[in-house]
Amino acid sequence: MKAKFLLPLALFALLAVVLGVGVKRSPEKSTIQSALLGKPAPQFALPSLTDPVRTVNSREFAGRPYVLNVWGTWCGECRVEHTMLMQASAEQRVPFVGLNWKDDNAAALAWLAQLGNPYQAIAVDSDGRTAIDFGVYGAPETFLIDANGIVVHRHVGALTREVWEREFLARLPPSAS
Amino acid sequence: MIRLAWLLAIAVLSTGFVSVAQAVDTTEMADPALQSRYRALTHELRCMQCQNQTIADSPVGLAGDLRRQVRELLEAGKSDAEIRDYMVERYGAFILFRPQFNVRTAWLWLAPLVALLIGAWVAYRVIRQRTRLVAADTSEVEDGPRLQ
């Protein structure tokens with residue numbers, strides 16, 4: 001008799017736990033995991049922002065880790081993280097490659113002239129196809145690709161010192177200089 | 001009369017809103033069969049930027065780009081399953097409003113069936129118990145005044 005009385009209570013508790021976990025794990029914008037983690041980074045060959053006759057090819061960066069930063073001048077958070085990009089790039093631990101996402105070339109060049117250029121190369125993704133290949137859904141997004149060309153991390157939102165050290169530097173091999 | 005005028009005004013206004021909402025995607029593919037598949041696919045893919053809208057309903061740039069991908073893949077002769085896989089490869093299963101049936105989502109699909117079976121079992125138990133009670137009840141039915 002007592003057990004029968006407790007059954008609804010137990011069911012309620014179970015349901016509360018299941019729903020509670022579901023709400024906690026509800027995919028917030030910042031927590032959607034990249035579908036590319038552990039998979040080879042998409043290949044791309046796009047025009048260079050700084051040198052219109054040049055093509056930026058993802059193969060150029062093969063063989064060592066690199067950071068791919070997706071940005072645009074229309075993106076407010078990109079301005080927020082720019083100082084951090086400059087600092088991180090100055091550390092020279094890993095090359096920075098920019099993916100200028102659906103932007104205006106002149107505006108992008110003016111932005112770099114004003115705020116500085118942290119990138120070793122900048123690929124112009126004017127129609128957003130490469131961004132889709134990377135599963136980008138909101139700039140800024142920053143990917144870490146390892147020496148084997150595998151995506152090992154993706155950060156959505158502005159890069160901060162803390163994120164840089166904990167999520168990026170910590171994943172780089174110590175020998176990388 | 002005034003009330004009727006109000007109703008009319010509201011009706012006219014709301015149809016206005018509906019047409020605005022539908023004007024997000026004006027794509028017309030030449031092949032009607034492709035167009036209907038295009039409509040179905042864009043209505044079951046999530047806009048990753050706004051998350052609670054489909055890419056068919058969302059005015060943001062990325063939704064437009066994803067619609068373009070769907071259109072191009074259809075024109076390239078890809079099947080619906082191939083197009084869904086293309087999206088999942090890039091954005092993960094979260095992009096599908098209708099989850100695929102696999103090991104990870106089996107509980108999601110089977111839970112309603114399990115709940116139904118539990119409900120049926122409970123109903124069966126209750127009915128059997130009551131039937132037994134009625135059968136065991138040998139007392140005379142009181143012959144009070146009948147209610148119409």
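Modeller: Two strands are said to pair if DSSP finds at least two bridges between them. Strands themselves are DSSP runs of E with at least two residues, and helices are runs of H or I with at least four, both numbered from the N terminus. This is a predicted model, in which local features need pLDDT of at least 70 and side-chain atom pairs count only at pLDDT 80 or more, while totals for chains, interfaces and linings use all residues. Residues are numbered from 1 along each chain as its sequence is written, and chains are lettered from A and ligands numbered from 1 in the order in which they are written.

Colleague: What makes strand β3 of chain A a partner of β6(A)?

Modeller: Five bridges join β3 (residues 66–71) to β6(A), and the definition asks for at least two, so the strands pair. They run antiparallel, and N69(A) has T142(A) as its bridge partner in β6(A).

Colleague: Which strand does β7 of chain A pair with, and how do they run?

Modeller: Strand β7 (residues 151–156) is joined to β6 (residues 141–145) by five bridges, and the two run antiparallel. Within β7(A), V151(A) is the bridge partner of I145(A), and R154(A) is that of F143(A). The two strands form a hairpin with five residues between them, and G149(A) in the turn has a positive phi of about 80°.

Colleague: Why is β6(A) called largely enclosed?

Modeller: A residue is buried if 20 or more other C-beta atoms, placed from the backbone, lie within 10 Å of its own, exposed if 12 or fewer do, and partly exposed in between. Five of the five residues of β6(A) are buried, so the strand is largely enclosed by the rest of the structure. Both faces are covered, with E141(A), F143(A) and I145(A) on one side and T142(A) and L144(A) on the other.

Colleague: What does V67(A) touch?

Modeller: Contact requires C-beta atoms, placed from the backbone, within 7 Å. Not counting residues up to four places away in sequence, V67(A) touches V94(A), F96(A), V97(A), T142(A), F143(A), L144(A) and F168(A).

Colleague: How many residues does each chain bring to the contact between chain B and chain A?

Modeller: Chain B gives 13 residues and chain A gives 11. On the side of chain B, α3 (61–75) and α4 (80–91) each supply at least two residues, and α3(B) has the largest share, five residues.

Colleague: What is the secondary structure of chain B?

Modeller: Chain B has five helices and zero strands. Of its 148 residues, 15% count as buried.

Note on methods
Contact = placed C-beta atoms within 7 Å.
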